[in-house]
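Try each task before reading its solution.

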Amino acid sequence: MASPTLICDTEPWKDLKNHVEEIKKSHLRNLMSDTERCKSMVAEFDGMLLDYSRQNATLETLNKLYQLAEAAHLKEKINRMYSGEHINSTENRSVLHVALRAARDAVINSDGKNVVPEVWKVLDKIQEFSEKVRSGSWVGATGKSLKDVIAVGIGGSFLGPLFVHTALQTDPEAIKSSRGRQLRFLANVDPVDVAKSIAGLNPETTLVVVVSKTFTTAETMLNARTLREWISAALGLIKISFIQNTQGFGKPSAVAKHMVAVSTNLTLVEKFGIDPNNAFAFWDWVGGRYSVCSAVGVLPLSLQYGFSVVEKFLKGASSIDQHFYSAPFDKNIPVLLGLLSIWNVSFLGYPARVSISAPDEQSCLTPRPWKNWLHTFNRHVSMESNGKGVSIDGVLLPFEAGEIDFGEPGTNGQHSFYQLIHQGRVIPCDFIGVVKSQQPVYLKGEVVSNHDELMSNFFAQPDALAYGKTPEQLQKENVPPHLIPHKTFSGNRPSLSLLLPTLSACNIGQVRGFLHLF
């Protein structure tokens, strides 16, 4: 076999390497004065806007990046993914998370078989089951409705659903549909985490969803056994009247009424004590990081919010799938985000990226203390899949790849790491905001609303990073000479801004699609 060609051996890569010195001679103050450049560095889709004009790049840089994408056969690889080819060569599998949110009449093949009908068979089963639980027609072992859910899983089986759950908690429709219900997640095997997951819950009203494809994942199964014991100790030997299917008295297994599974190993599911009929399948072509659109995420989220809300999330993700597949690279937001990431990490040498969200003011008037969605977003945005140091052929990469992702919601970062990103290390920043707040707060006597204050910061920070503040400007502001070095900002620090119409279920699906397709 011929030795594989690394992307760094191609002419476009070498051309970009040579181009770095030219970019280093420029400053964003000058680049931002080019009106045509700034107008060109904007992409829009379905009410969302990406402004990447504050990147250390020119239009020539972008053209060179497009040439790099062509050298990497990106479009061909996208087509291969959507056609179900086994592009996951290390596991010899298709990569078809796009099928998880495809329309019912879509055709997406894997190994010559259209997998979309299988996907919808599971989705229909989830809708039926979640509606039974939510309506009270499916009850626990003592006849009480199940209003609390604990989802047990780890990795993508935990981080993806947690991200969506957290993001949905400011959506009015989701708030209304989840009233009186709780969804908790258990991933860590630390007994403190187990204790937190069951604190204040009644086993009689709790349903546990165990998420493990093989039903052998060590951490997940240990936690599942712990919760099984919690349920069995409280309910397993209670003499009760059957509510469904049978009459009279007996000793039914509480586990079968209070635990369900997301798995393909029905033998181990049944051995565990869960009715195999209450197991929800997913497939080998679903990667862990992409699994939130499968039963892994759809089941617990539907139990909490109702299937109709989750379906809107799936439709949002599907819309980005189509955008990614069909849009030209210069208008393709996932492609642009990916190429700019490569430019910053592998060419400009920036090892990290910070995400700063301004989605909502998280009103203190809301009925529970919700955490901002960004707390979960940064944990799984890219580091898992893009963290390798070898090529697809297993060849050691002679350049830096992947980046360290971190971030904070809203203005919290201003009191955490903003001094670092303005005056210390150069760390590219992604700002994510929304036009319309879902939890507006208007205080009497205040000039602006909380959301307007938040968005003022959202728009000001990218400019501050780009332009900086010179000693001369500070002198004109009568800053004492001894403080000028401490207040000087060099600027020339790259950022991009992604602006959403609002943070609805559909938009949440779109955001996750943007940042997980490339």
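Buried means under 20% relative accessible area, exposed over 50%, and partly exposed in between (1.4 Å probe, protein chains only). This is a predicted model, where local features need pLDDT of at least 70, side-chain atom pairs count only at pLDDT 80 or more, and totals for chains, interfaces and linings use all residues. Residues are numbered from 1 along each chain as its sequence is written, and side-chain values use heavy atoms, with hydrogens and water left out.

**Exercise 1.** Decide whether serine 53 is buried or exposed.

Solution. Start with its place: serine 53 sits in the loop between strand E2 (48-51) and helix H4 (59-71). Helices (H or I, at least four residues) and strands (E, at least two) are DSSP runs, numbered from the N terminus. Next, its relative accessibility is 2%, so serine 53 counts as buried. Finally, look at its contacts (heavy atoms within 4.5 Å): leaving out residues up to four places away in sequence, serine 53 touches Leu28, Met32, Arg37, Cys38 and Met41.

**Exercise 2.** Find out how many residues of strand E14 (residues 429-434) are buried.

Solution. Take one side first: Cys429, Phe431 and Gly433 are buried there, and Asp430, Ile432 and Val434 are buried on the other. That gives 6 of the 6 residues, so E14 is largely enclosed by the rest of the structure.

**Exercise 3.** Which residue in E15 is the bridge partner of aspartate 430?

Solution. First find the pairing: E14 and strand E15 (residues 495-500) run parallel, joined by 6 bridges. Then follow aspartate 430 across, and you reach leucine 496 in E15.

Terms used
Two strands pair if DSSP finds at least two bridges between them.
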